[in-house]
Amino acid sequence: MHCDLEAYRHGRQPHAAGLLKEAAPYIRDDDEPGLLRCLRPNWSIGTLAELLHGDDSVVSWVAAYCLGVIGGPVAVMPLVRALHHDDAAVVSAAEDALWRVWFDEAGKGVRRMLQTAADHIGETRYNAATATLDEVITRNPAFAEAYNQRAIARYLQEDYMGAIADGKRTVKLNRCHFGAHAGLGHAYTHLGHFAQAFSCYRAALSIHPRMEGIRQSMRRIQSLCTHSAPVA
């Protein structure tokens, strides 16, 4: 991907070429702690957000990556906006960054427990995952991603009503959670509640338009419901 290193300035902040020069070695070496030490004294969320929405896709990609590493709720909305970017690589970087921010929301110790639960889900150990997530939620009742992961575990156990309850709690706590909106759509589809599923899928796409799998799910619903609204 070509980058002309055009500089974007924000007050006294370094320009885009500086971000590429400073961040690239850490990204190349997958050294997130080092990148965080580099970013904190020199780069604000506002500057990274400005670079994220500039005209250079390489700079935008790096800015998205850096926002995910810095994290925090202030990084969320610039990253959500980037899900509408014209460049698929930037969208992918923004999506990855959002997942990183959401997993880290409750701190490193809780992140480890959440990752353990996610690993259990990947290994089809759904009861173990749910038990871990129950503990996380007891300790952190406002942690949206814990509810989302439990919704996934319950969905895979065919507990669709339980998955819907957790999905609703997720989007109440985090209205930008495209994954939870999509998960609600899947659960409603399995219950045959196609109107509700369609509404949830639309909500997911309004946040993350490149979720092609969701568009396919909507088309399947339309094939079953002759009076459904057209897919956007």
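Colleague: Which residues touch the most other members of the largest nonpolar core?

Modeller: In soluble globular proteins, nonpolar side chains tend to be buried together. In this predicted model, Leu-19, Leu-35, Leu-52, Cys-66, Leu-79 and Leu-98 touch the most other members of the 59-residue core. Such a core is a set of buried Ala, Val, Leu, Ile, Met, Phe, Trp, Tyr and Cys residues joined through side-chain atoms within 4.5 Å; buried means under 20% relative accessible area, exposed over 50%, partly exposed in between (1.4 Å probe, protein chains only). Helix H4 (residues 57-70) gives the most to this core, nine residues; helices are DSSP runs (H or I, at least four residues) numbered from the N terminus.

Colleague: What does Leu-79 touch, beyond residues up to four places away in sequence?

Modeller: Its partners are Leu-52, Ala-64, Leu-67, Gly-68, Ala-94, Ala-97, Leu-98 and Val-101, where contact means heavy atoms within 4.5 Å. A second, separate core has 12 residues, including Leu-114 and Phe-143.

Colleague: At what angle do helices H6 and H7 pack?

Modeller: Two packed helices are described by the angle between their axes and the distance between the axes. H6 (residues 88-104) and H7 (residues 108-122) pack at about 115 degrees, with axes 8 Å apart; axes are lines fitted to C-alpha atoms over the stretch in contact, and angles run from 0 to 180 degrees between N-to-C directions. Arg-100, Phe-103 and Asp-104 of H6 meet Arg-111, Leu-114, Gln-115 and Ala-118 of H7.

Colleague: What conventions apply?

Modeller: Residues are numbered from 1 along each chain as its sequence is written, and side-chain values use heavy atoms, without hydrogens and water. Local features need pLDDT of at least 70, side-chain atom pairs count only at pLDDT 80 or more, and totals for chains, interfaces and linings use all residues.

Note on methods:
Helices (H or I, at least four residues) and strands (E, at least two) are DSSP runs, numbered from the N terminus.
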